[in-house]
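Me: I have a structure open and would like to learn how to read it. Can you take me through some features, one by one?

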Amino acid sequence: MLEFAIRAQLRVEAMVSGVLLSIIAGAVLSACTYSEINPGAALADIRANSGYNDLIDVEPGTAKLILRSTGSGYPASFSVSTAPQSCRDFTKLGNVAYAGRGIVYPWIANAVQRGRRTEPYLVHEAKPGEPVHVSGYGSWADGTGSGYRSGNCGPVTAKFTPQDGRAYIIEFVWGSKPACSLNVMDATDRDAPVPLAVQAIPNCPAPSR
């Protein structure tokens, strides 16, 4: 019964992804994206739903992490750990997904994220000077009927040490299925994020559902 429920949920997610991709493709082909119809509102929507507005005002004694997904509308789950050992004691933060912000109308993006039960991004306050492990795990599904396929990517895990008063963006980057990676940037200057050298942690086990 549990396996049936999981497969059913993945089929629903595949349908939602298909709708999202169709909407985005249609908008691009028709040259009537939201950013062209209302550039100022589209930029505001992107910034409000990408963590851009949360990158400022980092409290002294803290470091801020913005976690999000890019490259596809498939969902990704983020977890963090400060355990000394790798791949241990992760705490799940939540699920995120890209929903076409700035390309489709906000109500469409909102509907997609409600259907997928994801957030546009997550915010996590880390302890400065304490190494943190960040892990991302993605799920994808395509097609219907006999053409239905699904799978997972990851977990992809990185370790770095946040610094006091700084802000970071961690992106779960979808590539060609089933490829995925983590992109970590110092975004204290939110208009000019800088890629950050981090330690990749291989072979961490997939999170339990």
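Predicted model: local features only at pLDDT ≥ 70, side-chain atom pairs only at ≥ 80, totals over all residues.

Me: Is tryptophan 107 buried or exposed?

Reply: Look at the relative accessible area. Exposed means over 50%. Tryptophan 107 has 60%, so it counts as exposed.

Me: Which residues form a nonpolar patch on the surface?

Reply: Trp107 forms one with Ile37 and Tyr105. Together the three have about 360 Å² of accessible area.

Me: What about serine 69: buried or exposed?

Reply: Serine 69 sits in strand β1, residues 63–70. The cut-off for buried is under 20%. Serine 69 has a relative accessible area of 6%, so it is buried.

Me: What does the side chain of serine 69 reach?

Reply: The backbone oxygen of phenylalanine 172, at 3.4 Å.

Me: Now sheets. How do I read one?

Reply: Strands of a sheet pair through backbone hydrogen bonds, either parallel or antiparallel. Here, an open sheet of five strands runs in the order β3-β2-β5-β6-β10, with antiparallel pairing.

Me: Which strands stand at the edges?

Reply: β3 (91–96) and β10 (199–201). Each has a single partner strand, so one side of each is left without a neighbour in the sheet. Neighbouring strands of this sheet are turned against each other by 25° on average, ignoring direction.

Me: How many bridges join β5 to its partners β2 and β6?

Reply: Take β6 to begin with. Strand β5 (residues 132–142) pairs with β6 (residues 149–160) over ten bridges, in the antiparallel sense. Two positions show it: serine 135 is opposite threonine 157, and valine 132 is opposite phenylalanine 160. Then β2, residues 76–81: six bridges join it to β5, again antiparallel. There, serine 77 has tyrosine 137 of β5 as its bridge partner.

Me: What lies between β5 and β6 in their hairpin?

Reply: Six residues. In this hairpin, glycine 143 takes a positive phi near 80°.

Me: How many residues of β5 are buried?

Reply: Eleven of the eleven, so the strand is largely enclosed by the rest of the structure.

Me: How do I read the two faces?

Reply: In a regular strand the side chains alternate between the two faces of the sheet. In β5, both faces are covered. One side has Val132, Val134, Gly136, Gly138, Trp140 and Asp142, all buried. On the other, His133, Ser135, Tyr137, Ser139 and Ala141 are buried too.

How values were computed. Residues numbered from 1 in each chain as written. Heavy atoms only, no water. Pairing = 2+ DSSP bridges. Helix = DSSP H or I, 4+ residues; strand = E, 2+ residues; numbered from the N terminus. Axes fitted to C-alpha atoms, helices over the stretch in contact; angles between N-to-C directions. Patch = residues over 30% accessible without salt bridge, like charges linked within 9 Å, V, L, I, M, F, W, Y side chains within 5 Å. Areas by Shrake-Rupley, 256 points an atom, 1.4 Å probe, with all protein chains shown as cover. Salt bridge = Lys/Arg side-chain N within 4 Å of Asp/Glu carboxyl O. Buried < 20%, exposed > 50% of the residue type's maximum accessible area, 1.4 Å probe, protein only. Polar contact = N/O pair within 3.5 Å; in protein donor to acceptor, adjacent residues only side chain to side chain.
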